[in-house]
Amino acid sequence: ASRAATMRAGAQLVQSGVGARSLASAAAPKAAAAAPPHEDIVAMRKAKVAEAAATKPKSSRPGARAEEMEDAAAKIQGGKSAWQKFVSGVVDGVRPVTKAMAPIVMPILDAPARRRVENACNIEDLQKAAELRAHAMVYGYLAGGADDERCLRRSVAAFSDVELRHAVLHGVGNNDLDLNTKILGQDSKMPYFITSCAGQRMFHADGEVATARAAKKHGLHMALSQLTTSTFEDVREAHPDGAKTLQLYVWRDRVLLKEVLDRAKEVGFTGLALTADFSWVGNRERETRTGFTVPPSYSMRQCIDAVKSPAWTYDYMSRVPYGYKAVPDADFPAESLVDFIAAQMKPEFDWKDAEWLIQEWGDQGPVALKGVASGADAARAVDTGFKSIWVSNHGGRQLEDSVATFDVLPEVRDAVGPDVEVILDGGVRRGLDIVKALARGADSVAIGRAYLFGLAAGGEAGVDKALSILSRDVYLAMGLLGCRTVAELKAKAPECMLVNASSARRQCAVDRSRAGYTLQPSLQGPPSGQSA
């Protein structure tokens, strides 16, 4: 039986149950002392079960899933205003013309963006360039964080709390540096890599493929989001030796997840990263202010902002509407699947679910837990079977005042020991930040906004510029510190790294013997009542 028929039957049960409850409520004053008949209790229980089932994602069967997506698409289309339908029709109608004219028009519209990318000296310059080219809501999504964005700002500022002693007469020349690093089982020319980000075609129409091409040029490892707007095959073709880690969200439908995993194995992914800090969505007020939707819903405000961003707008109008290419049966534009994907998020996803996921991935390669912010969770992740610990606060976009990843990094390293791979992301804006993270305990660093600002500013050329800036900074810092390799940097870290004591974050727990425990081992003394 189709899912639609099942849902109609469930809705009828729910309605009958609601009616039964209403009648029972009205009759209660007259028969307060009388117990309800057994048949009514059974009917009400059935109604509650049907009501609960109606609110959960529907069947995992591909046919039923397709129907579910069709229903979601119809709901989105039916909810549009007359203005939105009109603009949507106009955009779809002119796409063939804008596509044909793109080779002539886009170089003209993108000329200012190209100059800004070429003249950029650092990531901050690329951020400004991204704001000038991108649609206002797209930039707001990219640059914004949760609530008042304190976590976002602290994640960036935390790196300033550590200073480094430069070395002299160290004998390290320009050709002596070897920064090759093993990341999630794969070789990378640098100790940092491209982290995943959903829907990259919203930033630039070339999306994940542009990112992959730039990563290949620099010999960097790359993680790809489960909500990619480019196909697995296109991204792997653009960077066959580096785009080998798939990032997953905590979804309800195990059959759906297994299909995604099987496809990932088929095209050659060897690493898996489970994002565990996104089962609840943070309060992102900047997105509310800018009227953010994925993709544009053609509201009046969005149309006005589109006129102010001609290069981004023409680029969007001259391409096929983007969709989520890794979701099975998702042959619909991204806007049609928003409700379906939201329903798939599973806040109650737990350690048992994680064990299942690890088992399903098998011996394909390492599995990382992304979103770790405590030593306790890191240790449990290792016991559960994760091979890599990814310290992250989701770019400051989830829990406001979440601890900065750079602050909690030493605690995580102390909890898992020296042999477990630890990855850090969050707040990285310079190559020097990467070096500091490595010195403090990370084995590699994942960058997000740093390269995405480049993508939004100028597509592949912008990502290339961002990676060039970061790699330049890493080489310079390593040379000034007199470190040939990442291993040398880690060995010298106790001597060359100084932590600002005023930045110490203290753990206040119920256990009074641990109250005041400092998250930064380089600053902490023994807990109260204990000897050194």
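Helices (H or I, at least four residues) and strands (E, at least two) are DSSP runs, numbered from the N terminus. The model you're looking at is predicted: local features need pLDDT of at least 70, side-chain atom pairs count only at pLDDT 80 or more, and totals for chains, interfaces and linings use all residues. Residues are numbered from 1 along each chain as its sequence is written, and side-chain values use heavy atoms, with hydrogens and water left out.

**Exercise 1. Get the overall picture.**
Work out how many helices and strands the protein has, and what share of its residues count as buried.

*Solution.* 
- Step 1: count the elements. There are 21 helices and 14 strands.
- Step 2: sort the residues by accessibility. Buried means under 20% relative accessible area, exposed over 50%, and partly exposed in between (1.4 Å probe, protein chains only). On that scale, 52% of the 532 residues count as buried.
- Step 3: look at contacts, meaning heavy atoms within 4.5 Å. Take those with a separation of 6 or more: 73% of them are between residues 24 or more positions apart.

**Exercise 2. Explain the short span of α4.**
Compare the end-to-end distance of helix α4 with that of a straight helix, and find where α4 bends.

*Solution.* 
- Step 1: get the expected span, which is 1.5 Å times one less than the number of residues. α4 (residues 82-109) has 28 residues, and a straight helix would reach 40 Å, but the end C-alpha atoms are only 30 Å apart.
- Step 2: look for a bend, taken as the angle between axes fitted to the seven residues ending at a residue and the seven starting there. α4 bends by about 70° at A102, and a proline, P103, follows within four residues.
- Step 3: pick out the buried residues. They are Q84, V87, S88, V91, R95, T98, A102 and M106.
- Step 4: see what they pack against: α6 (123-133), α13 (300-307) and α14 (310-317).

**Exercise 3. Find the covered side of α13.**
Which residues of α13 are buried, and what covers them?

*Solution.* 
- Step 1: the buried ones are Q302, C303, D305 and A306.
- Step 2: check their directions, using the arc of the directions from the helix axis to the C-beta atoms. These residues cover an arc of only 165° around the axis, so they lie on the same side of α13.
- Step 3: name the cover. It includes α4, α7 (136-143) and α14.

**Exercise 4. Read two strand pairs.**
Work out in which sense β5 pairs with β6, and how β9 runs relative to β10.

*Solution.* 
- Step 1: apply the rule that two strands pair if DSSP finds at least two bridges between them.
- Step 2: β5 and β6 pair in the parallel sense over four bridges. One example is L224, whose partner in β6 is L246. In β6 (residues 243-249), seven of seven residues are buried.
- Step 3: β9 (residues 388-391) and β10 are parallel too, joined by four bridges. Here W390 has I423 as its bridge partner in β10.
- Step 4: sort the β10 (residues 421-424) residues by direction. E421 and I423 point one way, V422 and L424 the other, and all are buried.

**Exercise 5. Track down a polar partner.**
Which side chain makes a polar contact with the side chain of D407?

*Solution.* 
- Step 1: find D407 in helix α18 (residues 405-416). Its relative accessibility is 1%, so it counts as buried.
- Step 2: search for polar contacts (pairs of N or O atoms within 3.5 Å; within protein, one must be able to donate a hydrogen and the other to accept it, and residues adjacent in sequence count only if both atoms are side-chain atoms). The D407 side chain has one with the side chain of R154, at 2.8 Å.
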